Amino acid sequence: MTATMDHKADKIAARPRAGLRLIAAVLFAAAAGAVWWLVLSPQARVKRNIKAMAAAFEARDADGILEHFSPNYNDAAGNTYQDMDSALRDFILPLVEEAKIDIQDIRAQVDRGMATAHVRGVILYKIKGVPRREKFEEENPAVLVFERENGAWRVVSLENIGGNMADLQESFENLNGVF
């Protein structure tokens, strides 16, 4: 009789261990899912690219910005990758003395090899010592369109930011003449 009771006691004692293993497995799976979503998901990668571009702009690093742009970049204003490259190197970054980008929210939607990110925030910068500010709010966010190219997410178009680079260059040159 004691052998049977010992066997039952062993079975009862094993149940909490099995339950703990199940709970541990569920927690591990949840943690792995959270890591994937926060670090490895396409949305997370797009958000990291946007933050990296912002940091590069603050550092006035044209290469750091352009590495996130597709050579096939073409926006509604008619700008190409070459236009962006020239604008950044020739007049935007040389005129910007200080820059701080405060990203308040990024909403990224991914559909296969395309992603669209709506970014809310503020760009604070100085040109010739004069503070300037560009604000992207809920009703008028900056919109970045990405395509997946060779395993990386690259910007193929911008909306609600910049405008036509030739017009922007002319306005910057006019500013330069004023100061």
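Predicted model: local features only at pLDDT ≥ 70, side-chain atom pairs only at ≥ 80, totals over all residues.
Which residue just after H2 takes a positive phi of about 55°? The residue is Arg60.

View 1. Local features here need pLDDT of at least 70, and side-chain atom pairs count only at pLDDT 80 or more, while totals for chains, interfaces and linings use all residues. Residues are numbered from 1 along each chain as its sequence is written, and side-chain values use heavy atoms, leaving out hydrogens and water. Helices (H or I, at least four residues) and strands (E, at least two) are DSSP runs, numbered from the N terminus. Along the sequence the order is α-α-α-α-β-β-β-β-β-α. The protein has 179 residues, and 32% of them count as buried. Buried means under 20% relative accessible area, exposed means over 50%, and partly exposed lies in between (1.4 Å probe, protein chains only). Take the contacts (heavy atoms within 4.5 Å) with a separation of 6 or more: 56% of them come from residues 24 or more positions apart.

**View 2. Helix H2 covers residues 42-58.** Its 17 residues reach 25 Å from the first C-alpha to the last. That is close to the 24 Å expected at 1.5 Å a residue, where the expected span is 1.5 Å times one less than the number of residues. The buried residues of H2 include Val46, Ile50, Met53 and Phe57. Gln43 and Asn49 are also among them.

**View 3. Ala59 sits in the loop between H2 and helix H3 (62-66).** Ala59 is exposed, with a relative accessible area of 55%. Where does the chain bring Glu98 relative to Ala59? The two are 39 residues apart in sequence, but 8.5 Å apart in space, C-alpha to C-alpha.

**View 4. Strand E4 (residues 142-149) pairs with E2 and with E5.** Two strands pair if DSSP finds at least two bridges between them. Strand E2 (residues 114-127) runs antiparallel to E4, joined by six bridges. One of the partners here is Glu147 in E4, which bridges to Met114. Seven bridges join E4 to strand E5 (residues 152-159), again antiparallel. Val145 has Ser157 in E5 as its bridge partner. The hairpin of E4 and E5 has two residues between the strands, and Asn150 takes a positive phi near 50° there. Is E4 mostly enclosed or open? Six of its eight residues are buried, so the strand is largely enclosed by the rest of the structure.

**View 5. Lys126 and Glu98 form a salt bridge.** A salt bridge is a side-chain nitrogen of Lys or Arg within 4 Å of a carboxyl oxygen of Asp or Glu. In this pair the closest N and O atoms are 3.5 Å apart. Lys126 lies in E2 and Glu98 in strand E1 (residues 96-111), so the pair ties together parts that are 28 residues apart in sequence. Lys126 is partly exposed at 29% relative accessibility. Glu98 is partly exposed too, at 45%. The structure holds 10 salt bridges.

**View 6. Asp105, Arg107, Arg120 and Glu138 are linked in a network of salt bridges.** Asp105 pairs with Arg120, with the closest N and O atoms 3.8 Å apart. Asp105 is in strand E1 and Arg120 in strand E2, 15 residues apart. Glu138 also forms a salt bridge with Arg120, at 3.2 Å between the closest N and O atoms. Glu138 lies in the loop between strand E3 (130-136) and E4, so its pair with Arg120 in E2 ties together parts that are 18 residues apart in sequence. Arg120 is partly exposed at 23%, and Glu138 is partly exposed at 43%.
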